[in-house]
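Student: I have a structure to study. Can we go through it by question and answer?

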Amino acid sequence: MALLDILVYPDERLKKISQPVKEFSDNLKQFILNLEETFRSFPGCVGIAAPQVGRFERVVLVDISHKPQHENHGFLILVNPKISSSAGSNVGREGCLSVPDYTGKVERSVSITLEALNEKGEKKVFQMKGYEARAVQHEIDHLDGKLFLDRLVSRRNALSKRIELST
Amino acid sequence: MENWLMLTLVGKDRAGIVAKISQALFDLNGNLGETSMTRLGGNFTIMLMVCVPEKKSVVQKKLQTICDELELFFHLDEIEGELHQHIEPDVRISIHGADQAGIVARATGSLAEAGLNILNLESDVGGHPDSPVYVMHIEGVAGMGLVNLEKALQKFSRENDVVARMAPIDTMVG
Ligand SMILES: [Zn+2]
């Protein structure tokens, strides 16, 4: 096992689009172990995507089980994840291992249907909402070369929106 | 040693203030840090951190010319930079109701007593001019816990007949 280096914005590689995993090789298995070890080395972090460590394949890990106040599916290894449907939207605060010392508000779908393969290549379908759904959307963005910075909602706008909603 | 200045600026709003001020600072090889620039009523306000190789007096002179022309008032202070030390808020509070004298003082007073450290506060007056509505939005750190803060907020809400809501901020890092 080994800790992998995290790419940090403005590293251009974070904008690369990752390719689907085609082969569930031993190499992939080993990579996922290293990615998990890297992920676990950042306490408080709830997800990581392969491109964040410079491997441009569609693999993400999500685990919010240490925040039991949020409904969750435990530790997830998601290969070739795809959101097949989504509903609602809300604004929440996000940060990113690849964007140190900055957090901001981002609008995301509230609930999603997620299809993905696990580390063995078996198809799984999840219904998710809230915090876990937010984490998954954030990680899938990484696979598409997007950061939460690309989706920021400005403070003032967020305020006016709430005023509109309350009238 | 980096030389940081805080620029405070205010004047009647008009197009081009930000462009002209930031160009002037750029011409002095200034580097902007965190800033807040916003329209308050009919005024435009700027608070910005700028790191400049020049002395304060040089910056003062350069800005004076532009600000005279644009009818703006400004002030420069030497400060510590302290970038890359953001504090994460863990609570968001919204308060709204009929506008009343002293509402901000009472709200922030009760909240400070319950341990709130304010990181950002924005307030606005909306509604009809005859019956103005006050809206306040705060983000901060609940130094004595969320339960304490919630209690103080509900008490404040009852005593002042305003709607007050609070929600934890759980920043998702991934
Ligand atoms: Zn991220």
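Student: Is Glu71(A) buried or exposed?
Tutor: This is a predicted model, where local features need pLDDT of at least 70, side-chain atom pairs count only at pLDDT 80 or more, and totals for chains, interfaces and linings use all residues. Residues are numbered from 1 along each chain as its sequence is written, chains are lettered from A and ligands numbered from 1 in the order in which they are written, and side-chain values use heavy atoms, with hydrogens and water left out. Buried means under 20% relative accessible area, exposed over 50%, and partly exposed in between (1.4 Å probe, protein chains only). Glu71(A) has a relative accessible area of 56%, so the residue is exposed.

Student: Which residue forms a salt bridge with Glu71(A)?
Tutor: A salt bridge is a side-chain nitrogen of Lys or Arg within 4 Å of a carboxyl oxygen of Asp or Glu. Here the closest N and O atoms are 3.6 Å apart, and the partner of Glu71(A) is Lys129(A).

Student: How many residues apart are Glu71(A) and Lys129(A)?
Tutor: Helices (H or I, at least four residues) and strands (E, at least two) are DSSP runs, numbered from the N terminus. Glu71(A) sits in the loop between strand 2 (59–62) and strand 3 (76–87) of chain A, and Lys129(A) in strand 7 (residues 123–129). The pair links distant parts of the chain, 58 residues apart.

Student: Where is Asn34(A), and is this residue buried or exposed?
Tutor: Asn34(A) is found in helix 1 (residues 26–40) of chain A. Its relative accessible area is 12%, so Asn34(A) is buried.

Student: Which residue of chain B does Lys105(A) meet in a salt bridge?
Tutor: Across the interface of chain A and chain B there are four salt bridges. In the one with Lys105(A), the closest N and O atoms are 2.8 Å apart, and the partner is Glu139(B).

Student: Which element gives the most to the side of chain A that touches chain B?
Tutor: Elements giving two or more residues to that side include strand 4 (90–96) and helix 2 (130–143) of chain A. With six residues, the one that gives the most is helix 2 of chain A.

Student: What is the bridge partner of Glu94(A) in strand 9 of chain B?
Tutor: Two strands pair if DSSP finds at least two bridges between them. Two bridges join strand 4 of chain A to strand 9 (residues 172–173) of chain B, and the strands run parallel. In strand 9 of chain B, the partner of Glu94(A) is Met172(B).
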